[in-house]
Amino acid sequence: MTDITKQPENSTKKQGYWAGVARDGKKMGFWFILPTFLLLLFIVIFPLFMQLYLSVTWWTPLEGIPWYRAWEVFSWGDNYVFQFTDERVWGALWRTIIIMVIAVPAQFFLGMSLAYLFMDNFPGRKIFYSLMLTPMMIVPAVVGLMFYLLFQGTGPVNAHLGLPVTFSWLTDVNRAMISVIIADVWQWTPLMFLILLAGMLGVPSDQLMAAKLLGGSNWQNFLKIILPRMKAVIAIALVLRAVECFKIFDLVYIMTKGGPGVQTETISVFLYKMTFGEFEWSYVAALGLTILFVLSIIAAKGLAYIAKKDG
Amino acid sequence: MKVSPSAMALKYFFVLFASAIVLYPLVWMITMSFKPYPEWTTVAGLTWLPKNPTLQNFEFIFFGEAKGLVVSLDRTIAGPFIASLVTSVCGTLLAVVAGTLSSYACVRFGLAKTLPLSVLQLRLFPPLAVMIPVMVMWAFLGAVDTWWGLSLIYGIVTLPFAFWLMKTFFDEVPIEIEDAARVAGCSYWRVFYRITLPIVKPGLATCALFVFILNWSDYLLALLLTQKDWVTLPVYMATLTSAMGGQMYGMKAALGVIAAIPPVVFGLMIQKHLVRGLTFGALKQ
Amino acid sequence: MSSIQINNVTKRFGDFTAVEDLSLDIKEGEFVALLGPSGCGKTTTMNMIAGIEDISEGSILFDGQDLSSTRIQDRNIGFVFQNYAIFTHLSVYKNLSYGLEVKKIDKSDIDTRVRAMADRMSITHRLEQPASSLSVNEMQKLAIGRSAIVEPRIFLLDEPLSNLDAGFRAYMRAELKVLQHEFGQTMIYVTHDQIEAMSLADKIAIIDQGKLMQYGSPLDIYNSPDNRFVANFIGSPRMNLIDGKLREEKSQLKLMVHGGAEIPLKGQVKSNFTSDGSVQSGSFGIRPQDIYFGDKRSSNDIEMKGIVDVLERVGPKRIAHLQVSETNFIAFDDQDQLKLGEKVSFFLPSEKSMAFDEVSGRRSGVI
């Protein structure tokens, strides 16, 4: 077994810049961070400034002028003002929130129930566990396809429920939303399940046993011992899912394209339509920055709250 | 510990019920991919298993045409499949290398303390809120509909996951091992390359697979940044719909099955670490 | 209060047998210690009594009732874990009240009882504080109080004093004994510390490798060990156990020690060795306290000659290691007379000496 700390015999002590870097922690760290820094600079920071620039113009790719000459169609804050009166913006926001408010709690309760089911060992638990995790591993676009197929008028859902072929899910004004929510719940409940189960199993088993010996039923122990100890885990699961749910696109676009009309047009779908439907790129730029701003404030407030809680 | 048989029966009932719900859409899509045209809808009577199972759908997407079908495609699955593969692999490489290196520098040298949080914030925003300038830039640079253009975006978008995942693995390497090597005369680079990296090799593999799954599963970014030559599988699958007026159920199902397999296989392989990756290291299994 | 009958209980974990054919009869209100080296199966046995582990074979009866089909929650068994298993996310008050709350007892009743128990265990001043902020000693008291407050039929304690500092351990030993009398419960106590067992228990069950070695009062076990293991395990310093072959030489029975020494057998111990018929080899046992120096006191006492090899001071006493050929005898140098390297005569009283069969380990000559 060679001693890896020794220099290989046939090499002279390398001089030069890189040898110095290898020996200097701070220098090496600088080089290590550089790729990430460059990526961030190039793809995040610089574009943000460009976005700001575009958002105060009327520029679209259809204008015929290259983007750097967007100052020729300056608009000041008009895009921003328009956002607030744009019904479609509020509609999209509203619809996104509705989806979040229904889907995320549904996933939470189903995930928690599943976790409770899987807490104690039983024959076959491992296999069923892997099976339960599968939906969240399916490519979201494919999930969209699956439910698109299922919810066709001439599809299995109607056939198995005994509904007529004319009973529409994806093109009905009310039921389109429900279809999308069902698809989202199917796909992401496993994530809740995964996280909540991990949290549940993190509860010390001897405390659980002590509670049992004291006469606590499984349900009582769940409420008084397991649940209180899962507060942090529950918060993580909810926040993670809420953030992702806000961004929902693949499922919706493939199942309904935001339709019928704008019935299932979420924020992301709306932005997409603005981008490749109406090519209002400067408007989207302004909208994007507004969203960034609002979300950053919410995130900052959230972090401050957590920091305070931890003391 | 005795569990009453009735409690066990109830448990199995719920587990099986949940399993059925999980399997319903999956089985439907899989069987659909083997069904010939008449069986795609209830018009001819709906069944789970195809009455006349066929490989027609797969033939069609692989060769662009199939026996008994009048239509043909101008493009087979080969292109999109390679596109998905190349961009996912390159994006993964980029994310994992950049993420691992910067994560190590952050953990061991305490540099760039704001990096973990800022990188986390990237995941907070809807992609479309920030993609306009990228699309403009990409058009300007001629990066649209190229493998490297998409890979670059994939790299930055999944870098947060790579960063945080490797951070948890690096945190588990006891600093005493590295200190011992340093005391024995190793340079910082040697310590990293010869000691730390080998220890986190399994973590590195997990990270690569995890990021690959995320890149492969992307739809929106490819939709925005590709047009024809480098369209990825999910986009190809979706556009197949609209191109033919939406009645290519069998082919779409076949594509869906093929597209879904790699992430599921890899996902089951790294099952143990999924919690860690998805919660950015907040939880472990 | 309940009596416990352990009938031929066996516990297997796959290929490994943790407890084999164990039978114990514990009477109501008794304080029984399960004593044995680490890994001997004493904790497993206790877990089976509590219902935490299933029984592979045999049965455990409580007042004649088999509770194996009853849920743990309904068994009403008090259990104190080795690491206490305190509910760290709850206050001390809530820990104490847990067992009462789950029975849906009236709030004011709960309050009275909790405060009484806190007072009894001297932790009233900590009632409103988080249980995680308690010291180890206080946690132990809380653990006991939490189990005691629901008035279980039996009380199981798994090495409850092993985490405590020495001074507090002595205090808690006394406290436990008082508590047991006060609550009048049947108590089963797992420990590897023989001093604890000897001082606390009414009866001791010595277990080794899953098998019961002896079950009796501390005095019985000390004075009449059933087998070599018990003789070796109980007593500090350990009993001298010398192995050898028996040989008749000119109508004299001698024990030819493997190390070269010869022990002439006389009197009681001689008849002990021969009582089981033809015994070829065995162990000779004599406690260090029983070996004496100076003048022979009885004709049946065995005289040995040896060299003083080591002298150790243990507190106020001195222990001498006496070398006879390659065999070592340990004795107490009461008069502080011996010198290192000195050649001395010492005596083994045959009445106090014990004979053990080499193969079975059983004590020979026991009626």
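Biologist: How are α2(A) and α3(B) oriented to each other?

Modeller: In this predicted model, the axes of helix α2 (residues 25-55) of chain A and helix α3 (residues 78-109) of chain B come within 8 Å and cross at roughly 140 degrees. Angles over 145 degrees would count as roughly antiparallel and those from 65 to 115 as roughly perpendicular, with the rest as oblique. The two helices α2(A) and α3(B) are therefore oblique.

Biologist: How many nonpolar residues are there in the contact of α2(A) with α3(B)?

Modeller: On the side of α2(A), the residues that meet α3(B) include A:Phe32, A:Ile33, A:Pro35 and A:Leu39, and among their partners in α3(B) are B:Val97, B:Leu101 and B:Phe109. Sorted by class, the residues of this contact comprise one charged, four polar and, as the number asked for, ten nonpolar.

Biologist: Which residues of α6(B) make the contact with α2(A)?

Modeller: Helix α6 (residues 147-171) of chain B packs against α2(A) with the axes 11 Å apart and at an angle of about 120 degrees, and that makes α2(A) oblique to α6(B). From α2(A) the contact is made by A:Thr36, A:Leu39 and A:Ile43, and from α6(B) by B:Gly155, B:Ile156 and B:Leu159.

Biologist: What is the handedness of the crossing of α2(A) and α6(B), left-handed or right-handed?

Modeller: The contact of α2(A) with α6(B) has four nonpolar and two polar residues, and no charged ones. As for the handedness, α2(A) passes α3(B) in a left-handed crossing, and the crossing of α2(A) and α6(B) is likewise left-handed.

Key:
Residues are numbered from 1 along each chain as its sequence is written. Chains are lettered from A and ligands numbered from 1 in the order in which they are written. This is a predicted model: local features need pLDDT of at least 70, side-chain atom pairs count only at pLDDT 80 or more; totals for chains, interfaces and linings use all residues. Axes are lines fitted to C-alpha atoms, for helices over the stretch in contact, and angles run from 0 to 180 degrees between N-to-C directions. Helices (H or I, at least four residues) and strands (E, at least two) are DSSP runs, numbered from the N terminus. Angles under 35 degrees count as roughly parallel, over 145 as roughly antiparallel, 65 to 115 as roughly perpendicular and the rest as oblique. A crossing is left-handed if the near helix is turned anticlockwise from the far one by less than a right angle, and right-handed if clockwise. Two residues are in contact if their C-beta atoms, placed from the backbone, lie within 7 Å. Ala, Val, Leu, Ile, Met, Phe, Trp, Tyr, Cys and Pro count as nonpolar, Asp, Glu, Lys and Arg as charged, and the others, Gly among them, as polar.
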